[in-house]
Amino acid sequence: MLRQPGPVSFEHLRDGIGVGVAEPRLSWVLPAGAGVQAGYEIELDRCGHVQRTGRIDSSDQVLVPWPGVPLASRERVTVRVRVWAGERPDEPSDWSPPGAVEAGLLAASDWLAVPVRADSLEIPDSDRRPVRVRRDFTLARRVARARLYITAHGLFEAEINGKRVGDDVLAPGWTVYHARLRYRTYDITDQLSEGANTIGAWLGDGWYRGRLGFNGGTRNIYGADLSLIAQLEVTHDDGTRTVIATDSSWVAAPGPVMASGLYEGEVFDARLDNPNWATPFAERTAGWAPVAVGTRDPRTLVAPQGPPVRCTQEVSPVAITRRPDGRYLLDFGQNLVGRLRITVDGPAGTAITLRHAEVLQDGELATRPLREARATDTYITAGDGPRSWQPRFTLHGFRYAEVTGWPGELNTDAVTALVHHTDMRRTGWFECSDDLINRLHENVVWSMRGNFVDIPTDCPARDERLGWTGDLQIFAPTASFLYDCAGMLDSWLTDVAIEQRPDGAVPWYVPVIPGGPLWTPIRPGAAWGDVVTVAPWVLYERFGDRELLRRQFPAGQAWVDLVARLAGPSLLWDTGFQLGDWLDPSAPPDDPAASRTDRYLVATAYFAWSARLLAWSAAELGDSGAAARYATLADDVARAFRRRYVLPSGRLTSDSPTAYCLALAFGLLVDPAQRQSAGDRLAALVLAEDARVATGFVGTPLICDALTDTGHLDVAYRLLKQTECPSWLYPVTRGATTIWERWDSLRPDGSLNPGGMTSFNHYAFGAVADWLHRVVGGIAPAAPGYRTIAYRPRPGGGITWANTRHETPYGTAALSWELTGDGMTARVTVPEGCAGMVELPGRERLTLGPGKHTVETPGRGHAALSGNHAHAEQRSGRDTPDRCSA
Ligand code: BGC
């Protein structure tokens, strides 16, 4: 009998508590040896009432529809699955371990809580001192189950009886608040007891009313209040319920947080801190006053679609230097995003100041790249013995920190950097025989971590940290390999669609900062706006989520239709503002849009590509009419592109690498000879620059594929392995630990790039990692969700081995290859339920079933195996080395 499948998971969530849909989709991973699933049965245990679906003949195991009556609000159901598969398809497997799913508050009428704020306290707005709110209550009976549904205008951190609720930070994250404000659901059963209890919450400015945006930024974007919305629901041992919801009975007072801002940092005066403030035993110090009650449409309160932001790692300083004036300079050895935790003891009123920076200049923190982000935290000691502290409502991007005012000697164990980001499951790994490339890959991972902080941001340190659509558009394939970011991006794309203008224009960044100093007002721009067609397609390819594709389709359609209107009968998008091939290395520091590639060539190429993706999406969604319409549009735009931008000689009007990349990668050249000559020209241009990078945001993610696909793999490797500036490895040779925004954020002469926009943690150029995974490592999706996987490594560049692994929705896919004297040995893991198409250099394709296989070239032993024959052969040889020659 088969062993059990993995536990059922729900939607794209890491745990099933507080789901926002009544019919959450289910996924599971098959047990080893299952092969392909012939059928499944789901069991729902609704409070002891067990329902089973009976065997359903289907191979579906990812995002399978909810099989029963929809969940009611608060309803908790235990779910198990068993499958029929493997050698004995008539016998079911064991049942999976149980997984629990619990609905949040699904109906607006479930909400009794109203926003409560502290404005009756007359805290001057200039002061902006954050507040805390609190409520004491008595529970007359024992607690059987308790849940807290909670959110805020501003950021919140809740405490019950002196203990923190949950371990997530910067809740409720950043959404288009007026349309969608996320609430969180916490199981607080163990934090309550019969008798006296207290709930309290810290509130901070965050994205809701903190300063956001560059050029001074804007405050109070969503409102001027800091309000808590909380509903604590207790079910007692006798089945009765007590509900404590925010209302006029709560009280508020300023706390020890004196100031707080995402860009600014935080000031905390421990002398004002009473750690018992949220316990029934707190001294009732003066200052607590009744709250003011606000309103909020509960229909705008939504459950999270992905995991929250958490601390995921602690990093100790690798060096501490004491300056003659008493300041300490700390180096954490890694550019990261998070904050410092200090443990300090000093006379009351000692102010310790923590400043942060990504790089040093002349041995001091280089803060110019932060622009107007102060990134400074201050802790004022209470003088009552050692205390640990970290700021609550801020994060910084830094490798270095400066500490001033530290009483006595500062030791390594007194300061720790706490790494924070959306707590996604890591799913992708790559390493090879080249250590510089490994560090490059590691830097990509760190830049993703630093910028996937509730929304995908451009950079984490300066006064920006915005959801730039173009950045995510180009990085989405890499992101989807490294981490399970489906839920987080589903949420963000929901907001992208909400922020889309009625005419179809997609904002440059989402959420939009309304009324802010937008140097780029909302007007359509290629490569940025195309996020609405590209990202849903990438997520569909990588996670197999057809519903997400369906939900996002109207946004993509509105976008392509808008561009079609702008282009008019010529089908050329050749008017209006464009950022083009942003950050082409030849652009001057103060004009990153001044690329060597015609920005309208870029725009028309993206127009064709988005129409193509929309056609493919429509076909997947079963809308053959739309599929045909957009396929025709894509063909027509490609023809217009050729007429306008391809010269009779075959050269493009912009004779630049990015132009050829677009023409090749977006399938705009249909004549094979024309494609080949474009590929040859691209290779020649790369070599003319001695394989230094000559592309910006648009060309960089495409160039290695464009070279590979036209027979210039060797040139792609030369580009990859270049270490002179500009190149991917130049920053690595300069000690970079993240991907830089500019090819020369740190210039070869050691000076910082003088551009006003110089970040050292920007994932965009890290998009090359997708090529590392697919082409160097050799793992690529060949059917949605990796149901079929292409294992097609293309060694080169002197790399002698590579190990690549990806946790697909179906389970682990892995490929380790090494060059042997006369060929290659590849160890392939195909997840249960999937098919592998293995294509080693110079060999015919093999189709392999689930399991572990070893494939060698050149062949030894038996004659050519292929197709089903090979499939059968591999299945029977599972877990033993297969010696195949093609
Ligand atoms: C951001 C970019 C973004 C660009 C577009 C910059 O300030 O950091 O990554 O895409 O602006 O204008």
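The model is predicted, so local features are reported only at pLDDT of at least 70 and side-chain atom pairs only at pLDDT 80 or more, whereas totals for chains, interfaces and linings use all residues. Residues are numbered from 1 along each chain as its sequence is written, and side-chain values use heavy atoms, with hydrogens and water left out.

**Largest pocket**

- The largest pocket has a volume of about 1200 Å³, where a pocket is an open set of points on a 1 Å grid over the protein atoms alone at which a 1.4 Å probe fits, with protein on both sides within 12 Å along at least five of seven lines, and the volume is the space filled by probe spheres set on points joined across faces, edges and corners.
- Its lining (residues with an atom within 4 Å of a point) comprises 39 residues, of which E541, W609, D705, D770 and R774 are the closest to the centre.
- Among the elements that give two or more residues to this lining are α3 (469-482), α7 (599-620), α14 (769-777) and β39 (779-781), helices being DSSP runs of H or I with at least four residues and strands runs of E with at least two, numbered from the N terminus.
- The helix α5 gives the most, with six residues.
- By class, the lining divides into 26 nonpolar, three polar and 10 charged residues, with Ala, Val, Leu, Ile, Met, Phe, Trp, Tyr, Cys and Pro counted as nonpolar, Asp, Glu, Lys and Arg as charged, and the others, Gly among them, as polar.

**Second largest pocket**

- The second largest pocket has a volume of about 610 Å³, and of its 25 lining residues S9, L13, S27, R425 and D484 lie nearest the centre.
- The strand β41 (801-808) gives the most to this lining, with three residues, and the lining as a whole holds 10 nonpolar, nine polar and six charged residues.

**Packing of α5 and α6**

- The axes of α5 and α6 (residues 546-567) come within 8 Å and cross at roughly 160 degrees, the axes being lines fitted to C-alpha atoms over the stretch in contact and the angles running from 0 to 180 degrees between N-to-C directions.
- That makes α5 roughly antiparallel to α6, a label for angles over 145 degrees.

**Backbone features**

- The peptide bond from V510 to P511 is cis, with omega near -5 degrees, and P511 is in the loop between α4 (486-499) and α5.
- Another cis peptide bond joins C725 and P726, with omega about -5 degrees.
- D362, although not a glycine, has a positive phi of about 50 degrees.

Notes:
Angles under 35 degrees count as roughly parallel, over 145 as roughly antiparallel, 65 to 115 as roughly perpendicular and the rest as oblique.
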